[in-house]
Amino acid sequence: MNSAADNTSTPPVLVAHDLSKSFGDTVAVSNASFEVGRGEIVALLGPSGCGKTTTLRLLAGFERPDSGSVQINAETVVNDQTWRPPERRRIGIVPQEFALFPHLNVGENIAFGLSSGHRAWWTRPWRRFGSSEVPARVQEMLSLVGLDDFARRFPHELSGGEAQRVALARSLAPQPAAVLLDEPFSNLDQNLRANLRLTMRAILKAADTAAVFVTHDREEALSLADRVAVMRDGQIEQIGSPDDIYYRPQTRFIGSFVGDANILPGRRSRGGADTELGYVLLDDAPSAQDGESLDLLLRPEQLALKLADPGQPEVANVISSEYYGHDQVVRVRLPSGAEVEARLRTDVVWQPGETVQVVVLDEAVAFPR
Ligand code: ATP
């Protein structure tokens, strides 16, 4: 299981405090607060229009907040009295389209922001490298992203994944305090993404920078980030480790947004809940009275199936099963008519029509109904 990055001992690199931003009547971001530590990767995850990109733009300095503040390395870069433009925030940016300069080769792209005289908002140098230092720094960045021999290639000669790594190398070259990535995988082939996530994580960890990336893809957030901030309607509803977000969601919305979820009615009883699947333990402090009506959230992999005992009066039925090789997803109709989904190993392959009993393997999360 994942755990939150241990950033308690060092001060955070990036602090967003109570950031709010509206466009006319549209509240894009509302009182967003979070911190990112050195070497930590934080995902801003949420559905389209929830305010992820605006949050990133507020951090970068491409938007000015209506209220709130941003600190980078303990210095305020924006609040109601202070404004530092993007190029003076020590932030590296990886734009969604990567935005490599087509007429410059890979080495020149990476070198672009390193020496004085070059001016572009995402490559302006905060750590100036003397011209004699530039080639070594470029080579160091190429090695970091695993493209040692690519310095003379041009952007049109790169695959999508290679272009992404060059953009990352370019953003990291001037030693930013933090790097911001806007939907870094959205331009890449679906099949490549899983591999590239691991590569990207390894590069960011090796660079030991703070990183914030925006995504609407839950797998991307859970697999790449140390902590995930789930946004909805401009607000951060929960921020926590991938494991917390997935197994201990604080709201029903998060529970359903970050993974497949079975929602099962129940009634609180003796620290757990009585449900159609029997007595289920709950993963919460039982502050409420027995008898409270609840919705229990159970992930498909928290359920198992057994063949129903012969003569059992009420049975559940398999209504569909999808076989994926490494696992199968089996949909079951319960005697009440409610349906649940179980994600199971494939040692037993379940077929529609089989009569089964559904077993709950873990504690459930519950929300008052
Ligand atoms: P997506 O995943 O679709 O990119 P998002 O979560 O990044 O969405 P934002 O782009 O931050 O969401 O937008 C949040 C809200 O603010 C949306 O309702 C959007 O239409 C609105 N918005 C964003 N930028 C502007 C702008 N410049 N002018 C007016 N409205 C804007």
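I took a pocket to be an open set of points on a 1 Å grid over the protein atoms alone, where a 1.4 Å probe fits, with protein on both sides within 12 Å along at least five of seven lines; lining residues have an atom within 4 Å of a point. This is a predicted model, where local features need pLDDT of at least 70, side-chain atom pairs count only at pLDDT 80 or more, and totals for chains, interfaces and linings use all residues. Residues are numbered from 1 along each chain as its sequence is written, and side-chain values use heavy atoms, with hydrogens and water left out.

**Second largest pocket**

I listed the lining: Arg-197, Arg-218, Glu-219, Leu-222, Tyr-246, Val-258, Gly-259, Asp-260, Pro-300, Glu-301 and Arg-343. I noted a volume of about 310 Å³, a volume being the space filled by probe spheres set on the grid points, joined across faces, edges and corners. Helix H6 (residues 218–224) supplies the largest share, three residues. Helices (H or I, at least four residues) and strands (E, at least two) are DSSP runs, numbered from the N terminus.

**Largest pocket**

I then turned to the largest pocket, with a volume of about 380 Å³. It has 20 lining residues; Arg-38, Pro-176, Ala-207, Asp-208 and Thr-209 lie nearest its centre. Helix H3 (134–144) and helix H5 (190–207) are the elements that give two or more residues. H3 gives the largest share, four residues. The lining divides into 12 nonpolar, four polar and four charged residues.

**Aromatic pairs**

How many aromatic pairs does the structure hold? I found three. Ring centres must lie within 6.5 Å; planes under 30 degrees apart count as stacked, over 60 as edge-to-face and the rest as tilted. Phe-101 and Phe-112 have ring centres 4.5 Å apart and planes at 45°, so this pair is tilted. Both Phe-101 and Phe-112 are buried, meaning under 20% relative accessible area, with exposed over 50% and partly exposed in between (1.4 Å probe, protein chains only). Phe-253 and Phe-257 are stacked, 5.5 Å centre to centre with 20° between the planes. They sit four residues apart in helix H8 (residues 252–257), so about one helical turn separates them.

Terms used: Nonpolar A, V, L, I, M, F, W, Y, C, P; charged D, E, K, R; others polar. Phe/Tyr/Trp six-rings, centres within 6.5 Å; stacked < 30°, edge-to-face > 60°.
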